[in-house]
Amino acid sequence: MKIVIVEDEFPILQLIKKHLKDILVGQITQIHEFSSLDAAQQYLKINLVDLLLLDLNLNGKNGFDLLTHLVAESFHTIVISAYQERAIEAFEYGVLDFVPKPFNRDRLQKAFDRLQLAQANHLKFLAIKHSGRIRLVPIEEVMYVQGAGNYSEVFLKNGEKVLHDKALDKLHHLLPPSFERIHKSYLAQMNEAKDICIYQGSKYELVLTDGTSLPIGRTRYKYLKEKWV
């Protein structure tokens with residue numbers, strides 16, 4: 001796991017690193033540290049990472065400036081900040097967790113449990129890069145998502161299709177539990193599910209409320225039937 005820590009208080013930075021190494025034994029391949037938003041942003045633009053640990057106040061600058069520019073990138077974010085009143089705002093940008101300062105090892109452990117389980121129940125918007133800007137798409141407008149290699153195609157209720165920078169696995173971690181992996185290439189909003197069709201040859205399809213039919217993987221059919229039908 002490649003991790004970037006953005007924190008301008010050296011004692012807190014050292015504490016975060018100590019806890020990380022205790023919690024993620026054998027999982028860390030790289031840790032890069034930055035005390036300024038500009039340096040972190042430049043690094044993240046040209047390097048692939050798995051996780052960003054972000055403070056919201058760095059030498060008087062707002063950490064959300066970094067989050068706003070990079071929220072659609074293919075890594076997860078955990079905010080570590082004393083500004084607890086901004087937690088809801090952070091979740092709306094799709095962060096996995098908000099760890100308030102002061103924190104201890106147990107609280108960081110919970111954050112990394114969320115990383116493993118990736119149950120982002122608070123996500124209200126899906127952040128999508130478009131023409132150099134960030135577009136926030138309400139989650140309730142998303143019907144389904146189709147994998148497209150290192151990217152994903154997001155299909156909206158209005159018939160629009162938009163490209164997301166995160167791969168399907170990453171988006172599955174971010175989206176609420178109502179989005180199920182019905183096939184290796186599809187995530188479906190089960191609140192929009194209308195019917196499951198069964199065909200000869202053990203072929204299955206999920207029909208959505210707008211009439212769209214999506215393939216269901218053979219290994220997923222039994223699970224979906226037990227959970228949703």
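Hi everyone! With that in hand, let's look at the protein above, and please keep in mind that this is a predicted model.

Counting those runs gives 7 helices and 17 strands. The chain is divided into two domains: domain 1 covers 2-120, and domain 2 covers 125-228.

What about the overall dimensions? The C-alpha trace spans about 65 × 40 × 30 Å along its principal axes. For 229 residues, a compact globule would have a radius of gyration near 17 Å, and this protein has 19 Å, which agrees. Turning inward, 46% of the 229 residues count as buried. And here is one for those who like contacts: among those with a separation of 6 or more, 51% are between residues 24 or more positions apart.

Now let's go inside. In soluble globular proteins, nonpolar side chains tend to be buried together. In this model, the largest nonpolar core has 22 residues, and the ones touching the most other members are Val4, Val6, Leu44, Leu52, Leu54, Leu66 and Phe98. Several elements each give at least two residues to this core: strand 1 (2-6), helix 2 (37-46), strand 3, helix 3 (63-70) and helix 4 (87-92). Which of them gives the most? That is helix 2, with 4 residues.

Setting aside neighbours within four places in sequence, Leu52 is in contact with Val4, Val6, Leu44, Leu66, Phe75, His76, Thr77 and Ile78. There is also a second, separate core of 20 residues, and its members include Ile5, Ile23, Leu53 and Phe112.

An unreviewed UniProt entry annotates Asp55 as "modified residue: 4-aspartylphosphate". Where does Asp55 sit? Look in the loop between strand 3 (51-54) and strand 4 (57-58). Is Asp55 buried or exposed? Its relative accessibility is 3%, so Asp55 counts as buried, the cut-off being under 20%. Not counting residues up to four places away in sequence, Asp55 touches Val6, Glu7, Asp8, Gly63, Ile80, Ser81 and Lys101. Notice Val6 in that list: we met Val6 among the residues of the largest core that touch the most other members, and Val6 is also one of the contacts of Leu52.

Notes. Residues numbered from 1 in each chain as written. Predicted model: local features only at pLDDT ≥ 70, side-chain atom pairs only at ≥ 80, totals over all residues. Heavy atoms only, no water. Domains from an automatic or database assignment. UniProt positions renumbered as here; feature names shortened; annotations may be inferred. Buried < 20%, exposed > 50% of the residue type's maximum accessible area, 1.4 Å probe, protein only. Contact = heavy atoms within 4.5 Å. Core = buried A, V, L, I, M, F, W, Y, C linked by side-chain atoms within 4.5 Å. Rg over C-alpha atoms; globule rule 2.2 N^0.38 Å.
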